[in-house]
Amino acid sequence: MRLQDTLSNAEQVLDTSKKVKIYLCGVTVYDESHIGHARTIIVFDVLRKYLEDKGIEIEFIQNFTDVDDKIINKAQTENTSAEVISTKYIENYFRDFNGLNIKHATNYPKATEHIVDIIKFIEKLIEKEIAYVSKNGVYFAVSKFPEYGKLSKKKIDELESGARIEVDESKNNPLDFAVWKFSDVEPVWESPWGKGRPGWHIECSAMSTKYLGENFDIHGGGRDLIFPHHENEIAQSESFTGNQFAKIWMHVGMVTIDGEKMSKSIGNIKSIKHVLENWGPNIIRLFCLSGHYSKPIDYSEELLKENLTKWRQAETCYYELIHANSKDTENVASTVQKLASEFDNALENDFNTHLALSAFFQLIKETNRLAAEEKLGNEDAKIIKPEFQRMLKILGLSIPEMTDDLKQDIDTMIENREKFRQEKQFQEADQIRDKLNEMNVELIDHKGKTIWMKKENIKAEK
RNA sequence: GGUACUCUGGCAGAACGGUUAUGCGUGGGCCUGCAAAGCCUAUACAAGGGGGUUCGACUCCCUCGGGUACCUCCA
């Protein structure tokens, strides 16, 4: 698989000959997560599911930043502790995350649970004279890392002129950033330099090294993390180890609304909770995968609606496959194989989910065409179904399960309707159909048979 | 101001130096008792403007213009 690497600004080949190690920068837990966060996670979720489908072992680490000024501020305004705030939003995060059908990471390390590792990390930086103790905290000396700026392609002198926050006089250089901040306000920890808490970037350096080693395969996050977060992580980690940090830097584009970045500070966010309630996980996932991961996507109800239409086709396909029993058939094996390799090739080539979806929907169209022409035989279904389900699984899409009892009830109702139809008692027949519709069960009348499909309940559709 | 990315048909959105992207939408049709769903078919002669390289450019180069992101809050 080839992936576009932000650092080298070129495609790099992902080494899949052994376990693939991925570190994804998670969220700062002080508020509800929004669709922008969802996109990043979904992209990485599909990436790991694809690799796992190929039999590749994945170690996937995603952190929570649970100590931060924003958390502390929120705790103060709500008159509670930072821990209460971070715990609450971590719980909410998992609620959203499970709702989106995301596979759990190997581990979710938290900054507050790695203070010892962070302190050790800082100690070594001080020992190497890369970090220094100052009045307000311990700072990383950017001048000690000559390659500073290599990820974000920034020049140090240009950065200084553009610095937009007030200069902290205790720093040797305005660009130096805190690895430890002195503070008396909870939460604080003792350190060799004084009471305080870690800076934002240091946790990711300490935790990624701890769990994945000095040099791992993919480090990811939103594009907005390139600078300063990931730039600083590189500076810290490579200064610490003397070795290359992540091999591939993979950055996911922003979700915009009306062309403007979705962010808490602008106040134009759509929370995952809210969108999940209205559209469900499948449509959100299709939407988030509909463009190349590196580019921005614009959130709109129209696009979600378009993906709903597509999702209905996928559902139809699934139920056609289940009920397939036509006598006429077509040889589908070569088509299925062709689309399967198109799907894989698209993902191998810088993880082009849009093209992969293209193949997925072509498979659906092909299946539905055969069904419409009464040519979808059992043997065909046996060939198509595993591939269809493989794609569903990789994309993280799921058709709701149904109980056998309910299936039995539906079958009985369809039989009754059939009797009424044969006796040309259409009013009675239509009543049954309406009743099923209320249960979100839709009937599809083929020439010789009636099949049913259970539609996902999409609130926004009504 | 600096840096990066980006500009494709009504909309979304790819690939590729020369072939129909694909999907949504829209028109027509098939199926049906009627619907629904689905399918079939038609539909766009698209590439921000200008210039250049080339036998040939949406694809490479230059230039002008628009947009977005980042320039220590950010996924």
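How many cavities of 30 Å³ or more does the count come to? The count comes to one.

This is a predicted model, in which local features need pLDDT of at least 70, side-chain atom pairs count only at pLDDT 80 or more, and totals for chains, interfaces and linings use all residues. Residues are numbered from 1 along each chain as its sequence is written, chains are lettered from A and ligands numbered from 1 in the order in which they are written, and side-chain values use heavy atoms, with hydrogens and water left out.

**Figure 1. Domains of chain A.** Chain A is divided into domain 1 (2–273), domain 2 (303–395) and domain 3 (404–461). The bounds come from an automatic or database domain assignment. Between domain 1 and domain 3, the C-alpha centres are 52 Å apart.

Figure 2. A cavity is a set of points, on a 1 Å grid over the protein atoms alone, where a 1.4 Å probe fits but cannot get out; lining residues have an atom within 4 Å of a point. Grid points are joined across faces, edges and corners, and the volume is the space filled by probe spheres set on the points. The largest cavity has a volume of about 40 Å³. Its lining consists of Glu320, Ala324, Ser326, Ala371, Glu374, Leu376, His446 and Lys449. By class, three are nonpolar, two polar and three charged. Here Ala, Val, Leu, Ile, Met, Phe, Trp, Tyr, Cys and Pro count as nonpolar, Asp, Glu, Lys and Arg as charged, and the others, Gly among them, as polar.

**Figure 3. The second largest pocket.** A pocket is an open set of grid points with protein on both sides within 12 Å along at least five of seven lines. The second largest pocket holds about 240 Å³ of space. It is lined by 13 residues. Asp66, Ala82, Glu83, Ser86 and Thr112 lie nearest its centre. The lining has four nonpolar, four polar and five charged residues.

Figure 4. Strands (E, at least two residues) and helices (H or I, at least four) are DSSP runs, numbered from the N terminus. Two strands pair if DSSP finds at least two bridges between them. Strand E14 (residues 441–445) and strand E15 (residues 450–454) run antiparallel and are joined by five bridges. Four residues lie between E14 and E15 in this hairpin. Isoleucine 444 stands opposite isoleucine 451 in E15.

**Figure 5. The antiparallel sheet.** Four strands form an open sheet with antiparallel pairing, in the order E5-E6-E7-E8. Strand E5 (131–133) and strand E8 (196–198) are the edge strands, and each pairs on one side only. Neighbouring strands of this sheet are turned by 20° against each other on average, direction ignored. The axes are lines fitted to C-alpha atoms, and angles run from 0 to 180 degrees between N-to-C directions. A hairpin joins E5 to E6 through three residues, and these strands pair over three bridges. Strand E6 (residues 137–140) is joined to strand E7 (residues 177–182) by four bridges. Tyrosine 139 in E6 stands opposite tyrosine 132. In E7, the bridge partner of tyrosine 139 is alanine 178. Glycine 137 faces lysine 181 in E7 as its opposite residue.

**Figure 6. The parallel sheet.** The order E4-E3-E9-E10 describes an open sheet of four strands with parallel pairing. Strand E4 (58–62) and strand E10 (248–252) stand at the edges with a single partner strand each, so one side of each has no neighbour in the sheet. Neighbouring strands of this sheet are turned by 20° against each other on average, direction ignored. Strand E9 (residues 218–222) is joined to E10 by five bridges. Glycine 222 stands opposite valine 252 in E10.

Figure 7. The whole structure has 23 aromatic pairs. The ring centres of phenylalanine 94 and phenylalanine 97 lie 5.8 Å apart and their planes are at 70°, so this pair is edge-to-face. Rings of Phe, Tyr and Trp (its six-membered ring) pair if their centres lie within 6.5 Å; planes under 30 degrees apart count as stacked, over 60 as edge-to-face and the rest as tilted. Both phenylalanines lie in helix H3 (residues 82–99), three residues apart, about one turn of the helix.

**Figure 8. Backbone details.** Most residues other than glycine have a negative phi, and most peptide bonds are trans. Asparagine 9 has a positive phi, near 55°. This asparagine 9 lies in the loop between strand E1 (2–5) and strand E2 (10–13). A cis peptide bond joins glutamate 186 and proline 187, with omega about 0°. Proline 187 lies in the loop between E7 and E8. The bond from phenylalanine 227 to proline 228 is cis, with omega near 0°. Proline 228 belongs to helix H7 (residues 226–241).
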